[in-house]
Amino acid sequence: MRVALLTTFAASRKEPLAAALERIHASFLSAGLGEPTITFTLADAPVPGFVSSVERVLKRYPHLDRFTSTATALPGVVPPVRQISNGSISPAAGHPIDVQSLLAIATGVPKSFPFHSISIHLHAAAFGGAEKSSAAGGATPGVLIGDNWWVNGRQRSLMALTFVDADPAGKKLPAQPESVAAVLAACGKIKKTTQTPLAAASPRAAAPATPTPSEAAPTTSTPSPDTIAAVNAVVRDAKARFADIIARANLPHDLPSARDALATTALGETAGPLKPALVRAFAPLGYDCKSEAAGTFTLRRRTAGNLTVEIGLDIGTWSRSLLAMFRVHGLGFKSLLSLPPTRHAIDSGQYRIGGPERWQQIVDNLAALVAELDRSLVPAIEAAARPSPAWYRPTG
């Protein structure tokens, strides 16, 4: 079974872009992979009023004019932008560029060359061929460096897409080739790795044209259509009987509706640190708790059938309103249900958190509801789906 591994690294915008590019480029050479193939795009803003970094670069490095165009990958959807690139929509698509030219430009980012968006992709044959993965938005294997303008400063990203051939009956994924592993090690600390098993698509296993978001949806691994149908039936039944599930959960706090919670929350009221209450409530249920991005928490546990049960909490970065989701991942499917913090807000979406006492009550209610879903829904999904391989973790 072919498995795509999208590895996201901790990337600091405090590190100069040129230093990051030079370090990763050097790792290809020291690993014996030779000079990597580099695909790059250096783009101006899609709206007027910003400095044209493209024109600044061309004044200093006129030999790059052959890479320059005003183009868009999605005509009629995304406006064309002025860019220097050897990507697919460039007049010099696929033409090589010497890394010293890129390093010289990167040294001027962002002061001399405040490009709106920058992407630099480095590839060697050891990473794989031209195969793509939906895990990375259709990206091809290799290392991708991103540096983009944002309202609160530059945003840096660093990720790598690799592929391995896994044994579904194995307990671990095979190791990367030593040369690829050396490049990944040079990229720095790993934040997370997303696994996307790949398999030949089957017409019978195709998803419905308009699947409901609460139902399991087949991913690129396309399990049997009977498995998808069985999991869908379990989730649909749970959604139809959600009021009964909440009643069985016996939520300890009768919190108000979402509208009343919003009306009774004082302006500027905050709950203080949020993670301690989550850890106290969910650790006894077997869940770990991580904050993978600002304003979010993810709680996970594994089942005996190697399914991953995940609770996603989006608490916002300024509104302090909760949106909670309950997911069950298996090889080739993901089921999804919303988690209301009160029986009065089953279909209301976001719920205002308020102060520390309200937050503790919300967490208590969510823990009680999750305990009931773990008792009833998760075993039903396990019974409907085949066990996943021991190595399978959607993210980790």
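Mentor: In this predicted model, the axes of α6 (242–249) and helix α9 (residues 356–384) come within 8 Å and cross at roughly 110°. Axes here are lines fitted to C-alpha atoms, for helices over the stretch in contact, with angles running from 0 to 180 degrees between N-to-C directions; helices are DSSP runs (H or I) of at least four residues, and strands (E) of at least two, numbered from the N terminus. That angle makes α6 roughly perpendicular to α9, a term covering 65 to 115 degrees. The crossing is right-handed, meaning that the near helix is turned clockwise from the far one by less than a right angle. On the α6 side, the contact (heavy atoms within 4.5 Å) is made by Phe242, Ile245, Ile246, Arg248 and Ala249; α9 supplies Ala368, Leu369, Glu372, Leu373, Arg375 and Ser376. These residues divide into seven nonpolar, one polar and three charged.

In the loop between α6 and α7 (258–263) lies Asn250. Asn250 has a positive phi of about 55° although it is not a glycine, and it is exposed, with a relative accessible area of 60% (exposed means over 50%, with a 1.4 Å probe and protein chains only). Most residues other than glycine have a negative phi.

Residues are numbered from 1 along each chain as its sequence is written, and side-chain values use heavy atoms, leaving out hydrogens and water. Local features need pLDDT of at least 70, side-chain atom pairs count only at pLDDT 80 or more, and totals for chains, interfaces and linings use all residues.

Technical notes. Buried means under 20% relative accessible area, exposed over 50%, partly exposed in between (1.4 Å probe, protein chains only). Angles under 35 degrees count as roughly parallel, over 145 as roughly antiparallel, 65 to 115 as roughly perpendicular and the rest as oblique. Ala, Val, Leu, Ile, Met, Phe, Trp, Tyr, Cys and Pro count as nonpolar, Asp, Glu, Lys and Arg as charged, and the others, Gly among them, as polar.
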